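Hi,

Here is the model I promised to pass on.

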Amino acid sequence: MNLSSDFFEIFAIPATWQVEPGQLDLRYRSLQQEFHPDRYANKGAVEKRLAVQTASLINQAYETLKSPLKRAQYLLQLKQIDASQDSHITSDGTFLMHQIELREELSDVRNNEDPFAALNSLRTGVEASYIEQQSQFQIQYQSQAYDQAYDTVAKMQFSAKLLDEIEQLEVDLEDQ
Amino acid sequence: MALLQISEPGQSPQPHQRKHAVGIDLGTTNSLVATVRSGMAEVLADEQGRELLPSVAHYTSMGVSCVGHEAAEHNVSDPLNTLASVKRLMGRGLVDVKSFGDQLPYEFAADDGGMPKIKTMAGLVSPIQVSAEILRKLAGRAEIAFDSMLDGAVITVPAYFDEAQRQATKDAATLAGIKVLRLLNEPTAAAIAYGLDQDQDQERIIAIYDLGGGTFDISILRLSKGVFEVLATGGDSALGGDDFDHAIADWLRRQIGMGENLDPIEQRTLLETAKSAKEELTVAEQAELDVFDWQGTITRPIMHSLIDDLIDKTLRACKRSLRDAGLNTASISNVILVGGSTRTPRVGEKVAELFGREPLCNLDPDQVVAMGAALQAEVLVGNKSGDDMLLLDVIPLSLGVETMGGLIEKIIHRNTTIPVAKAQEFTTFKDGQTAMAIHILQGERELASDCRSLARFDLRGIPPMVAGAAKIRVAYQVDADGLLSVSARELTSNVESRIEVKPSYGLGEEEITNMLQDSFSNAREDMQARALREQQVEADRMIEDLLAAIYKDGDALLDSEERRCLKVAIEELRELRETTKEHRPLARQIESVAKASEEFAARRMDASIRSALAGQSLDEIDKG
């Protein structure tokens with residue numbers, strides 16, 4: 001089974017940080033046109049099962065390449081570096097201090113007079129540093145500074161998680 | 001490629017014989033069946049010309065006495081034996097059902113599967129059996145229209161249905177003897193019926209707001225050249241137009257000055273009055289009421305004050321789905337209204353207000369889902385090449401496993417495109433441990449007790465080792481219908497673990513088999529004849545497919561000995577298919593041919609993938 005192809009091969013693009021989202025979308029749709037289980041609805045059980053497996057792999061590849069964090073982790077995985085653990089923490093003390101401040105800011109949002117405005121300004125800041133971290137990763141990965149790239153992924157994990165929590169809080173606030 | 005080239009005359013089934021497929025909208029209040037005729041989807045009516053079938057079955061001590069309109073007539077006179085709105089109970093537990101309060105007048109009993117059964121004069125009845133009766137009635141309607149057996153059906157489910165609810169729906173179809181081509185999400189079906197993918201070079205985003213009798217769904221889809229890609233879905237599988245009726249009935253009860261404890265007949269009467277008032281108010285500004293010697297008036301503003309909170313709840317779900325899709329209301333090019341409850345004008349008003357545009361509702365909101373399902377069924381059964389219509393659905397709720405301390409660890413996040421596979425590694429924590437229990441849940445909350453329990457898997461047959469030495473890889477596979485399967489393997493010894501599944505709120509395989517036998521022994525249908533016919537259809541399909549595959553790829557992918565063996569197996573199958581009157585030997589032979597051709601199928605899939613990667617079709621490789 002050719003299911004061992006790496007995700008970049010499946011999408012017929014080079015294994016680099018830079019990914020063109022439009023190209024990814026097009027390739028994704030054309031692959032699913034061919035391998036989605038619905039294309040095998042009339043086939044036997046074996047073919048159906050193979051189609052489910054293949055389509056699952058295509059979905060996983062698409063999801064990985066689309067997400068900046070997952071793509072970064074996957075690029076390191078291709079270099080035999082496991083950067084996908086939650087326990088993976090950066091050694092940058094200043095960064096960690098700043099994260100603690102941001103978390104405090106987040107937990108104070110509920111007490112703010114205009115919690116939505118406070119949440120928005122927090123988000124703008126975190127998004128900006130997330131993008132900054134991504135450019136750092138790109139440079140480090142390109143120059144094969146994998147140790148540094150590994151550390152940057154830990155920072156990206158912080159940012160992505162914080163953005164999730166900001167969003168969750170916004171949902172909670174809206175529901176009240 | 002013409003298949004006739006490879007079939008000997010008279011021996012092969014006609015390859016271009018038209019197959020009979022339908023789309024079924026199995027609704028809370030009403031159900032419908034539709035099919036495609038001359039390229040157009042149309043809803044099939046019964047002998048009296050009625051298209052909607054009330055989702056109601058009436059039971060007597062003899063069993064089911066009638067289904068649909070006739071059954072609904074017993075609503076008020078015999079409420080305990082007239083089972084309606086069972087869609088609300090599908091895949092649910094007794095606890096969930098009790099939380100519906102007095103909304104359903106039935107008496108429930110728990111069975112050992114944890115799923116509620118309804119006490120009737122015919123004994124305990126599972127909601128799945130009631131749904132099967134409705135499906136059987138609709139399939140019968142279609143078979144009369146076709147004057148032929150049904151080849152398959154696409155059955156719609158609310159996009160927000162969890163795995164247990166989907167499985168229950170599929171089990172109902174199995175009980176009714178219907179081959180399910182696909183469980184299709186209702187909003188996606190509606191999008192297909194509207195044909196918004198046609199004549200569009202530009203991709204666009206649409207929102208489908210689906211408010212049925214008992215369920216609410218919101219889906220955000222991206223359409224691009226025939227591909228319907230669900231970006232996010234949300235909703236509430238226990239909120240619908242029935243809740244409007246209950247809110248109005250409750251108001252009515254207070255106006256009349258009745259207490260809270262009503263008997264089932266009083267309850268039904270108030271509900272029926274509330275329902276007709278709601279329907280009258282879709283056109284009139286006010287409705288006169290006359291019930292239990294009480295006369296009064298309900299106006300639109302009064303009704304709005306009763307239902308606005310419920311509608312607002314749906315709008316919050318819309319906002320959340322937009323957020324999940326990373327979009328805002330300005331990105332939406334069309335909003336489609338689906339479901340009978342969107343006939344209440346207030347719903348359309350508030351939806352228009354949220355999205356800042358008038359929603360589309362030119363197709364009958366009751367029929368649009370069944371029509372879309374019929375169009376998809378036509379493609380899946382193989383009558384239409386499908387051009388490039390493709391539906392990419394998502395899992396509506398996250399899947400996870402229970403971890404230490406009653407927490408949940410998410411394995412597959414909500415709104416992930418399906419099919420999807422994920423794997424996890426576990427180890428043993430005791431020396432010589434040979435078994436392990438895995439509890440699978442679905443939901444967004446952090447505590448396992450706040451999520452829906454789907455199933456408990458017991459892994460057995462782990463080779464005994466010291467604690468922490470075993471590495472058990474558990475693989476979760478969610479298929480395109482949103483149904484889960486689990487497999488496990490111990491990696492260091494490569495031993496496949498045996499998995500015993502105990503669905504939390506469903507039927508076990510044995511229970512389904514028993515029910516199936518009961519239903520056949522009660523019905524006029526001859527189980528043996530039907531089963532044989534099914535196996536013959538499968539044998540024909542298999543022979544045709546394999547011959548075509550050998551013709552196309554046999555030279556490239558099989559050596560001469562493999563090819564000879566496969567041909568012998570096919571010939572034996574063909575022989576048996578023509579001669580046997582027993583379905584079991586035929587089923588066994590089909591199974592054995594499937595096994596013999598498994599490797600060939602894998603090589604063909606592999607070759608397709610390679611050619612897709614190389615950006616050319618297998619045909620071109622053949623030619624080269």
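A quick word on terms before the notes: helices (H or I, at least four residues) and strands (E, at least two) are DSSP runs, numbered from the N terminus. This is a predicted model, where local features need pLDDT of at least 70, side-chain atom pairs count only at pLDDT 80 or more, and totals for chains, interfaces and linings use all residues. Residues are numbered from 1 along each chain as its sequence is written, while chains are lettered from A and ligands numbered from 1 in the order in which they are written.

Let me start with a loop in chain B. B:Ala284 sits between α7 (264–280) and β16 (286–291) of chain B. Why does B:Ala284 count as exposed? Because B:Ala284 has 12 C-beta neighbours inside 10 Å; the cut-offs are 20 or more other C-beta atoms within 10 Å for buried, 12 or fewer for exposed, and partly exposed in between, with C-beta atoms placed from the backbone.

Helix α3 of chain B (residues 127–146) is another story. Its 20 residues reach 29 Å from first C-alpha to last, close to the expected 28 Å (1.5 Å times one less than the number of residues). α3(B) is mostly covered, with 15 of its 20 residues buried, and just after α3(B) comes B:Asp147 with a positive phi of about 55°.

Now chain A. Its secondary structure is seven helices and zero strands. The radius of gyration of chain A is 20 Å, well over the 16 Å from the globule rule for 176 residues, so chain A is more spread out than a compact globule (the radius is taken over C-alpha atoms, and the rule is 2.2 Å times the number of residues to the power 0.38). The C-alpha atoms fill a box of roughly 60 × 45 × 30 Å along the principal axes, and 30% of the 176 residues of chain A count as buried.

Finally, the interface. In all, 37 residues of chain B are in contact with 34 residues of chain A (contact means C-beta atoms, placed from the backbone, within 7 Å). The largest share of chain B's side, ten residues, comes from α15(B). That side divides into 18 nonpolar, seven polar and twelve charged residues, where Ala, Val, Leu, Ile, Met, Phe, Trp, Tyr, Cys and Pro count as nonpolar, Asp, Glu, Lys and Arg as charged, and the others, Gly among them, as polar.

Cheers

Note on methods: Contact = placed C-beta atoms within 7 Å.
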